[in-house]
Amino acid sequence: MYPKHHFLQLVLVLASFSLSFCTSQNDPFPHHHRPYHPTNYGGYYNPGRAYRQPTFFPGRDTGNYYQPESPSLLSSKSNSFGMINSAGRASSLSNSQPTFNVDDFGARGDGRDDSEAFNKAWNRACSSKQGVILVPKNKIYHLKPITFSGPCRSSLTMMIYGTIKASTRVLDYEKDRSHWINFQDVENLRVEGGGTINGNGQIWWRNSCKINKALPCKRAPTAVTFYRCNNLRVANLRFNNAQQMHLTFQKCLNVLALSLTIIAPGNSPNTDGIHVTDTQNIQIKNCLIRTGDDCISIVSGSKNVNASDITCGPGHGISIGSLGARNSEDYVSNVFVNRARLTETTNGVRIKTWQGGRGYAKNIKFQNIVMNNVKNPIIIDQNYSVQVSNVIYNNIKGTSASEVAMKFDCSKNYPCGAISLQNINLVSLGNQRVKASCVNVRLNNKGIVSPTCASL
């Protein structure tokens, strides 16, 4: 026997165990269990402290609200997309992926139109196996309205490191005033890279009927639209000064919108940050949105929508609707908004319907939300025939810029049902009490709720 030898082995084993244990205890709670606070997340997405959170589709409909369950298809396929480094060269993880630099197709980034070069690069990448389109950094590329169409041969990545700017000639949009950049019918697409997409919206705002009442109301382009794109990832991009809406997901399935910064002046008309329409299984995470309209708007046909760690303001808040416009039949369900901070917005979390419409908004949860000087922090404008039911407000705190901090204005024939208030604490800026207005609503209070309806 060699007792000294065995004793040394025992010491080494214990030291290794201790080191492993200490390492695992550096952050005993996963980031997604932390309460939302700027010190936890750097105020908004901090690439040096990106947190880990389970992805949110597919999931299960619990009958109450959408509850995430399984890892995302996108996450499971993420390695197949490969990586591009900051210098614009394919990394060792993607050596087998053909890379198509827009400069190689004639793009100059010198103020002239580069639309043709972008189209050529897209067509070559789309017809290749796992093609990567590269938009180099330190250049500004100008584009007229452009559509990147699929289906493509396989998965496709567009890495935007530089800046893409919209044409300011209104005549360039004569054929289609609704879109500037449009991705259509593309499967397994990634658009990311840390670059900027600038809509040059100032000329459109000046000619808006909301700015100049003497002018007729005309449509302006959405900066970036994803139409019928499935298994989609849009990440680490900056959107500035859209002509109208900044980013729209329409008829898409399985979407991850991650770490986006969306900026426009607070008085810019109709410049919604992220607009979700007829889209299912979408996660919006770690986004900073400051615009002249809704930070996030969710409208008909949308289901299984998860928005987390959102910094919003100025703007019009986070909205479901409007629903039922022009006597339409609209449906939204399974929406979960978790960890958001809203500052000086005209609304906080809102559900709105139009008179004459039909349908429902149901299974919705707003949770862990901070309001800073927000008008109408909690509001439902339903006074029509679209049914609003099964809505949970949990842990919503902060200051209201209006005397009525909580308003439920619902229809006598279609009252708002199963509305749950849990741990609500809203006050005025001077820490004074505020009011609640509740008409034709069936409420259930849990914990401390302030303000409360007069009848409760």
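Biologist: Why is C438 called partly exposed?

Modeller: C438 has 25% relative accessibility, so it counts as partly exposed; buried means under 20% relative accessible area, exposed over 50%, and partly exposed is in between (1.4 Å probe, protein chains only). Keep in mind that this is a predicted model, where local features need pLDDT of at least 70, side-chain atom pairs count only at pLDDT 80 or more, and totals for chains, interfaces and linings use all residues. Residues are numbered from 1 along each chain as its sequence is written, and side-chain values use heavy atoms, with hydrogens and water left out.

Biologist: And what makes C453 buried?

Modeller: C453 comes out at 5% relative accessibility, so it counts as buried.

Biologist: How do you know that C438 and C453 form a disulfide?

Modeller: Their sulfur atoms sit 1.5 Å apart, and a disulfide is a pair of cysteine sulfur atoms within 2.5 Å. The torsion about the S-S bond is about -55°, so this disulfide is left-handed. C438 lies in strand 29 (residues 435-439) and C453 in the segment after strand 30 (441-450), so the pair ties together parts 15 residues apart in sequence. Strands (E, at least two residues) and helices (H or I, at least four) are DSSP runs, numbered from the N terminus.

Biologist: Why is the disulfide of C295 and C312 right-handed?

Modeller: The torsion about its S-S bond is about 85°, so right-handed it is. C295 is in the loop between strand 18 (280-290) and strand 19, and C312 is in strand 20 (residues 302-312), 17 residues apart. Both cysteines, C295 and C312, are buried.

Biologist: What about C126 and C152, left-handed or right-handed?

Modeller: Their S-S torsion is about -105°, so that disulfide is left-handed. The S to S distance from C126 to C152 is 2.1 Å. In total, the structure holds 5 disulfides.

Biologist: What makes strand 21 mostly covered?

Modeller: In strand 21 (residues 318-323), 5 of its 6 residues are buried. Strand 21 runs parallel to strand 19 (residues 296-298), joined by 3 bridges, and parallel to strand 23 (residues 349-353), joined by 4 bridges. Two strands pair if DSSP finds at least two bridges between them. I320 of strand 21 stands opposite I298 and also opposite I351 in strand 23.
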